[in-house]
Amino acid sequence: MPDPHPAPGSQPTVPDPTYLNLLKADMAARAAAADPPGSAFTGAPVEATAEVRAAVDALAPQLLSLASDIYGYAELAFEEYRSAGRIAAQIEAADIDVERGAYGLDTALCARFGPSTGRTIGICAEYDALPDIGHACGHNVIAATGVGAFLAIARAYAGREDELPGQVVLLGTPAEEGHTGKEYMAQAGAFEDLDAAIMLHPAGYDAADVLWIGRRLLDVEFTGVAAHASAQPFMGRNALDAASLLYQGIGLLRQQMLPIDRVHAAIPEGGDRPSIITESARVSIYVRSAEPATLMDLSQRVEDIARGAALMTGCGVEVRWDKHPPSMPVRANQALTGRWSVRQQERGRAPLPRGVVSDSLAASTDFGNVSYLVPGIHPMLRIADAETALHTRGFAQAAASEAAETGVLDGTYGLAGVALDYLFDDALAEAVRQEFEDAGGVLRVSEMFG
C-alpha cells in the first residue's frame, strides 16, 4: 500500500482540486437555474442590426486572419508594434484614417467613424501577450472583435455616414498584462470625449458580468548594514530579516482581510552570500480589492507592515507604490450589460448574470479605470471549457481554436450591436448615463491614489 505521507522528494505535491470541483459544480447548478439578463430597451432598429450582421459575415475572413496573425506575433506589453501596425493597416484598407502612436504611446491607436454631433461610444481592443505562454489571455480575440465591430459598423454605413446617429471610436489599447496602458491613455485624454466604452474578454464561459477587482503594485526596498555573519553579526542590520518579516506579516494579515481581498508577494532580491548579513533586499507586492475604497485601506495596511518590519530590524525602508498606475475594479453598467445579453442570445449564446461565476475567481484589468470615467461593460465570451483557466497553456491553445474563431464572429456582432443600441436608443442612453451617475460618477485614479 502506498505511503500516504511520503518523504519529501524532488517534485512538489499535487494541489487538491476538490475546491475547484465544488466551484464547478456550484457554477453549473447556478447556471442551469439562471436566465440571461434581459433589457427593457428596444435598442437599434432591426434594419440597422441586420446590416451589421451582414457586414460581420462579409468581414469574417479578414477578422479571423487578424486574430491568427496577432496570435502569432505574441508581443509583450508596450512592444506590440507588429500587432498595432497590422490593425492599423486593416482599418486603413477600409479608407478610414488611423492615428498611430495615439495618446503618447507608440503602440496605441485611434480611429473614428460617424458624425461627431451625436453620442460617442468607444470600443477598446487589446493585443499584448504574456511572456513564455503567448496569448494565454486571448487578447488576439479581443483585438479582432474590437476591430471587427468598428469595421462592421463602418461597412454597414459606408457612403451614408450621416445616417449613423453618433460616432464610433476604436481605441487600440496596449499593455494590459501587468501594466495599465488604458490609464496612461486616460491621463492623455483618450476617454474625455466618449460617452460610453465597451469591450469583451474571452473565457471558459459566457457571462454578461463578473467581478473584476482592483490592483496596485508595491515595491519595498530595505537597506541594512553588512557585517560578517559569523565573526560580527551584531554589527549588522539584516535587510533579509526585514523582507522576511514583511512577507510573514502579509501572511498574518490575511486572516483579517476581506474575503475577496488578495495580497501576493515575491522577494526578487534577498542577498547573495549566507556569510554576509544582507545589506539590501526588495519585496514586490500585488494588492487587490473589490472597491476603490477597500483597495486604498488594504494598501495602507500593507504599507504599515512594511514600515513595521523596518522598525523591528533597524533597517531603512523605501516604499514605492504604483510603478504602473493602479487598476480599478470594473464598474459594469447594467443597462449596457442587458443589451450585450440580448445581442449574444441572437447568436445562440446565453450569457450568465452576475453572481453565477464565483467571485473567488476574480482577476484584474485596466478596463476598470475606464469604467470609472465613462459607463462601460467588460463581458466574458466563451472560447474554451469552463475548467480552462486564463493565463495557462491550455487557454493559449484555446485562443487559436475553432471555438475562438466562432467567438470572434459572435463577439464582433455583440459589440457592434451594443454600440448601435447605444447610439440609436435615447432612452437606453439616458438610463446608462443615470446609472453611471447614481453609482458615483467619474472617479479618477490620479485623484484617489495620487
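## A central strand and its partners

In β5, the bridge partner of G122 is A197. Strands here are DSSP runs of E with at least two residues, while helices are runs of H or I with at least four, and both are numbered from the N terminus. Two strands pair if DSSP finds at least two bridges between them.

Before going on, please note that this is a predicted model, in which local features need pLDDT of at least 70, side-chain atom pairs count only at pLDDT 80 or more, and totals for chains, interfaces and linings use all residues. Residues are numbered from 1 along each chain as its sequence is written, and side-chain values use heavy atoms, with hydrogens and water left out.

## The whole sheet

β3 also pairs with β4, again in the parallel sense, over seven bridges. There, I121 has V168 of β4 as its bridge partner. Together, six strands form an open sheet with mixed pairing, in the order β1-β2-β4-β3-β5-β11. β1 (98-100) and β11 (376-377) stand at the edges with a single partner strand each, so one side of each has no neighbour in the sheet.

How covered is β3? Seven of its seven residues are buried, where buried means under 20% relative accessible area, exposed means over 50%, and partly exposed lies in between (1.4 Å probe, protein chains only). In a regular strand the side chains alternate between the two faces of the sheet. On one side of β3 are R119, I121, I123 and A125, on the other T120, G122 and C124, and all are buried.

## A buried helix

Helix α11 (residues 402-424) has 18 of its 23 residues buried, so the rest of the structure largely encloses it. Its end C-alpha atoms are 33 Å apart, which agrees with the 33 Å that its 23 residues should span at 1.5 Å a residue; the expected span is 1.5 Å times one less than the number of residues.

The structure holds one aromatic pair. The ring centres of F78 and Y184 are 6.1 Å apart and the planes stand at 65 degrees, so the pair is edge-to-face. Rings of Phe, Tyr and Trp (its six-membered ring) pair with centres within 6.5 Å; planes under 30 degrees apart count as stacked, over 60 as edge-to-face and the rest as tilted. F78, in the loop between α2 (46-73) and α3, and Y184, in helix α5 (residues 181-187), are 106 residues apart.
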